[in-house]
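Work through these exercises with the model open beside you. Try each task before you read its solution.

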Amino acid sequence: MQSESGFVPRILWVDPSISALDLQHLRARHLTVHQTSSFEEALAQMHTWAPHLLILEYTMIPSSMHYETFVYKELPLVDPYRVGGQLANNSWRYQAIPIVLATGGLPSLVPGYVVPHLIRVAHFLPKPCAPDRLAQLVLNLLPYPVYGLVIDLVRAQVEVQGVQYSLSSRELAMLAALAQCYPRPCTAAQLGRHLTQTTGLSASETSVRTTIMALRRKLEPNPPRPHYLCNEGQGYFLSHSPVLRQDL
């Protein structure tokens, strides 16, 4: 599934014996699926390609690496959601990549139902996989981003559609004020009073409009027709749900 922003979920399936039908079924849902035959290959690929979800075969043959080594020792070092990882500043707020464990045998014998050390797994899927069930499970677990505005008060920046922009102190205060008022619109006069009270900055109606224009030039693809910082005659408002970050 591809969003209007071009987000295409990436799945890394680590299994030497995936059926072509399973891959085809997922790709038909507009998912990008890469297959590797061992945990070692998966680690190498994750250094340059950040998947949003992993599907793992528990018993990797002829892999020389055990499942536990991959998941608990090696994966944390390359997990794209970790601090500093490729997907760390994600709008869906994941801190660890979701894992599906696909393995043969009866459900009662699938490792993880009774083995506590496999608690890291989000879901277990017996093989052979029913294509419709596999696709629905993957779609349910994928961390589709909520495309709102992430306003980081500590780093003085805003994230829009996954892109980060640095802000001046006045621009940051303006976005924070609009976020605190969301979803209600605020007139320039109301925003000016709010900024003066909360920041001590002098904020006339003219300065509010000037700051809004500067933000639109920075954030909007088409500033004359704003998509995020809107005004429909009753005041300024954010069209997307904002998230305020106030700590590291």
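**Exercise 1. Aromatic pairs**

Search the whole structure for aromatic pairs, and say how many there are. Rings of Phe, Tyr and Trp (its six-membered ring) pair if their centres lie within 6.5 Å; planes under 30 degrees apart count as stacked, over 60 as edge-to-face and the rest as tilted.

Solution. 
- Step 1. The search gives one aromatic pair.
- Step 2. The ring centres of F39 and F70 are 4.5 Å apart and the planes meet at 15°, so this pair is stacked.
- Step 3. F39 belongs to helix α2 (residues 39–46) and F70 to helix α3 (residues 67–78), so the pair ties together parts 31 residues apart in sequence. Helices (H or I, at least four residues) and strands (E, at least two) are DSSP runs, numbered from the N terminus.
- Step 4. F39 has 0% relative accessibility and therefore counts as buried. F70, at 0% relative accessibility, counts as buried too. Buried means under 20% relative accessible area, exposed over 50%, partly exposed in between (1.4 Å probe, protein chains only).

A note on the source: this is a predicted model, where local features need pLDDT of at least 70, side-chain atom pairs count only at pLDDT 80 or more, and totals for chains, interfaces and linings use all residues. Residues are numbered from 1 along each chain as its sequence is written, and side-chain values use heavy atoms, with hydrogens and water left out.

**Exercise 2. The chain as a whole**

How many helices and strands are in the chain, and what percentage of its residues count as buried?

Solution. 
- Step 1. Count the elements: seven helices and 11 strands.
- Step 2. The chain has 248 residues, and 47% of them count as buried.
- Step 3. Take the contacts with a separation of 6 or more: 58% of them join residues 24 or more positions apart. Contact means heavy atoms within 4.5 Å.

**Exercise 3. Strand β3**

Are the residues of strand β3 buried or exposed? Find the strand that pairs with β3.

Solution. 
- Step 1. β3 spans residues 53–57, and five of the five are buried, so the strand is largely enclosed by the rest of the structure.
- Step 2. Sort the side chains. L53, I55 and E57 point one way, L54 and L56 the other, and all are buried. In a regular strand the side chains alternate between the two faces of the sheet.
- Step 3. The partner is strand β1 (residues 10–14), parallel to β3 over four bridges. Two strands pair if DSSP finds at least two bridges between them.
- Step 4. Opposite L54 in β3 stands L12.

**Exercise 4. The largest nonpolar core**

Which residues of the largest nonpolar core touch the most other members? A nonpolar core is a set of buried Ala, Val, Leu, Ile, Met, Phe, Trp, Tyr and Cys residues joined through side-chain atoms within 4.5 Å.

Solution. 
- Step 1. The core has 26 residues, and M174, L175, L191 and L229 touch the most other members.
- Step 2. Elements that each supply at least two residues include α5 (169–181), α6 (188–199) and α7 (205–219).
- Step 3. α5 gives the largest share, eight residues.
- Step 4. Beyond its neighbours within four places in sequence, M174 contacts L191, L195, V208, T211, I212 and L215.
- Step 5. A second, separate core has 24 residues, including W49, Y58, M65 and F70.

**Exercise 5. The β7–β8 hairpin**

In what sense do β7 and β8 pair, and which residue in the turn has a positive phi?

Solution. 
- Step 1. β7 and strand β8 (residues 163–166) are antiparallel over four bridges.
- Step 2. V158 has Y165 in β8 as its bridge partner.
- Step 3. The two strands form a hairpin with two residues between them, and Q161 in the turn has a positive phi of about 55°.

**Exercise 6. D132**

Is D132 buried or exposed, and which residues does D132 touch?

Solution. 
- Step 1. D132 lies in helix α4 (residues 131–141).
- Step 2. Its relative accessibility is 52%, so D132 counts as exposed.
- Step 3. Not counting residues up to four places away in sequence, D132 touches H25 and R29.
- Step 4. The C-alpha atoms of D132 and D22 are 9.3 Å apart, across 110 residues of chain.
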